[in-house]
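Hello,

Here is the structure I promised to pass on. Please open it first, then read my notes below.

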Amino acid sequence: MANKSDWNLTGGQKARSKDKAFSSLVTLSASFILVLLAAVAIFLILSSKNALLASNETIAQEVGFADDLTFWQFAGAALFGTLLAAVIALIVAVPFAVGIGLFISHYAPRKVGTVAGYVIDLLAAIPSVVFGLWGMLTLEPLMRPIFMRISELLTGLFEFLAGTVETVGEKEVWSGGLPGFSYMAQNFDWWPIRPDAAQFLPPARNILMGGIILAIMILPIITSLCREVFLKTPRLQEEASLALGATRWEMIKMVVLPHGRSGIVSASMLGLGRALGETMALLMVLSPGLKINFDLLRPGQHSTIASQIALRFPESSGLASDFLIALGLILFVVTFAVNFIARAIVARYSEFSGANE
């Protein structure tokens with residue numbers, strides 16, 4: 001009959017065996033993520049090799065939708081539209097997300113905050129194609145008069161800064177404007193402060209509309225994370241601030257926002273990642289174009305990499321297919337770089353916010 005020490009020895013060996021098995025399992029799971037990432041990267045590189053190495057003449061002959069652009073010209077214009085739409089979405093969404101998060105966490109009664117949190121979470125579950133339909137059929141007519149008013153205000157301002165232009169015969173004659181602004185407007189088409197840069201042409205299927213749709217789509221993600229971060233603010237610090245005579249807004253400004261700064265940054269970067277890869281909503285809302293400018297109110301100026309791939313890939317083959325996969329490789333690299341930079345920013349902010357204490 002085995003004594004007690006033998007049972008303890010056997011039990012310890014079994015525990016160590018289970019611990020090793022579980023350690024191997026979690027290590028394998030972590031390795032699977034790296035393998036999956038490498039597999040995607042290798043596929044994109046190998047599949048896009050032909051397009052990256054093809055000559056401009058070959059691309060012009062075999063890739064009809066390139067419109068006589070080289071691969072890098074096409075990719076640069078699509079990447080510019082992608083980043084522009086994502087930046088517009090962040091500018092619109094982040095202030096609203098922070099405000100909603102503060103309302104739910106510090107201003108709303110408990111029942112109202114709970115209901116608002118449920119609504120935000122449900123909004124995140126709406127498919128992007130539904131946002132695209134809603135934006136195209138409902139939001140676009142509502143935004144037309146707003147865009148028209150914005151166009152009137154900005155056009156007057158831009159004419160004051162950059163001057164006005166008239167066509168006399170075959171020449172463009174500029175008059176007025178401030179010296180530096182006028183020179184840039186005359187010589188660079190991408191310069192955002194030009195007399196016609198704020199011109200609005202209906203329908204409102206422009207990059208600004210696309211950015212607003214993206215802002216609505218990423219708003220639930222950013223709001224949910226901000227709400228959770230604000231709720232993690234140490235209660236004692238909030239009460240101490242109020243006890244010293246601070247108003248609720250002063251308490252939020254001095255305690256809640258500094259403590260949640262890293263969370264706001266990480267939420268914004270997560271929303272940026274969603275915006276960079278969004279496809280269907282922008283495909284349905286935008287009138288596509290491949291230009292590099294800041295004409296936010298005119299349709300047919302911009303497009304995104306994801307929407308170009310979704311639009312062209314079903315009918316592409318051969319080099320055209322490789323061309324689109326190469327665009328996917330660029331989007332993959334950009335998204336990876338954005339997330340890497342975001343992690344560095346979050347780590348830096350965390351060192352000073354107290355969020356990691």
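**Salt bridges**

Asp 196 and Arg 298 form a salt bridge, with their closest N and O atoms 4.0 Å apart. Asp 196 sits in the loop between H6 and H7, and Arg 298 in the loop between H11 and H12, so the pair ties together parts 102 residues apart in sequence. Bear in mind that this is a predicted model. Asp 196 counts as partly exposed, at 32% relative accessibility. Arg 298 counts as buried, at 16%.

A second bridge joins the side chains of Arg 194 and Asp 295, at 2.5 Å from N to O. This pair also links distant parts of the chain, 101 residues apart. Arg 194 is in the loop between helix H6 (179-187) and helix H7 (207-231). Asp 295 is in the loop between helix H11 (280-285) and helix H12 (305-312). Both Arg 194 and Asp 295 are buried.

What do these residues build together? Arg 194, Asp 196, Asp 295 and Arg 298 are linked in a network of salt bridges. The structure holds 11 salt bridges. Another of them pairs Glu 228 with Arg 227, with the closest N and O atoms 3.3 Å apart. Glu 228 is partly exposed, at 37% relative accessible area. Arg 227 is buried, at 12%.

**Aromatic rings**

There are 10 aromatic pairs. One is Phe 65 with Phe 74: the ring centres are 5.9 Å apart and the planes are at 65 degrees, so the pair is edge-to-face. Phe 65 and Phe 74 are both buried. Trp 190 and Trp 191 are also edge-to-face, because their planes are at 70 degrees, with centres 6.1 Å apart. Trp 190 counts as partly exposed, at 39% relative accessibility. Trp 191 counts as buried, at 19%.

One aromatic cluster is formed by Phe 65, Phe 71, Trp 72, Phe 74 and Phe 323. Elsewhere, the charged end of Arg 248 sits over the ring of Tyr 107, 5.2 Å from its centre.

**Surface and annotated spans**

Ile 146, Ile 150, Leu 154, Leu 157, Phe 160 and Leu 178 form a nonpolar surface patch. Together they have about 500 Å² of accessible area. Phe 160 lies in helix H5 (residues 128-162). Phe 160 counts as exposed, at 56% relative accessibility.

The unreviewed UniProt entry lists several stretches as "transmembrane region", among them residues 77-103 and 263-286. In the model, residues 77-103 are 100% helix, with end C-alpha atoms 39 Å apart. Residues 263-286 are 88% helix, with end C-alpha atoms 32 Å apart.

Best wishes

Note on methods: Residues are numbered from 1 along each chain as its sequence is written. This is a predicted model: local features need pLDDT of at least 70, side-chain atom pairs count only at pLDDT 80 or more; totals for chains, interfaces and linings use all residues. Side-chain values use heavy atoms; hydrogens and water are left out. Rings of Phe, Tyr and Trp (its six-membered ring) pair if their centres lie within 6.5 Å; planes under 30 degrees apart count as stacked, over 60 as edge-to-face and the rest as tilted. Buried means under 20% relative accessible area, exposed over 50%, partly exposed in between (1.4 Å probe, protein chains only). A charge sits over a ring if NZ of Lys or CZ of Arg is within 6 Å of the ring centre and within 35 degrees of the ring normal. Patches are made of residues with over 30% relative accessible area and no salt bridge: like charges are joined within 9 Å, nonpolar side chains (Val, Leu, Ile, Met, Phe, Trp, Tyr) within 5 Å. Accessible areas come from the Shrake-Rupley method with a 1.4 Å probe; for residues, only the protein chains shown count as cover. Helices (H or I, at least four residues) and strands (E, at least two) are DSSP runs, numbered from the N terminus. UniProt positions are given in the numbering used here, feature names are shortened, and annotations may be inferred rather than shown by experiment.
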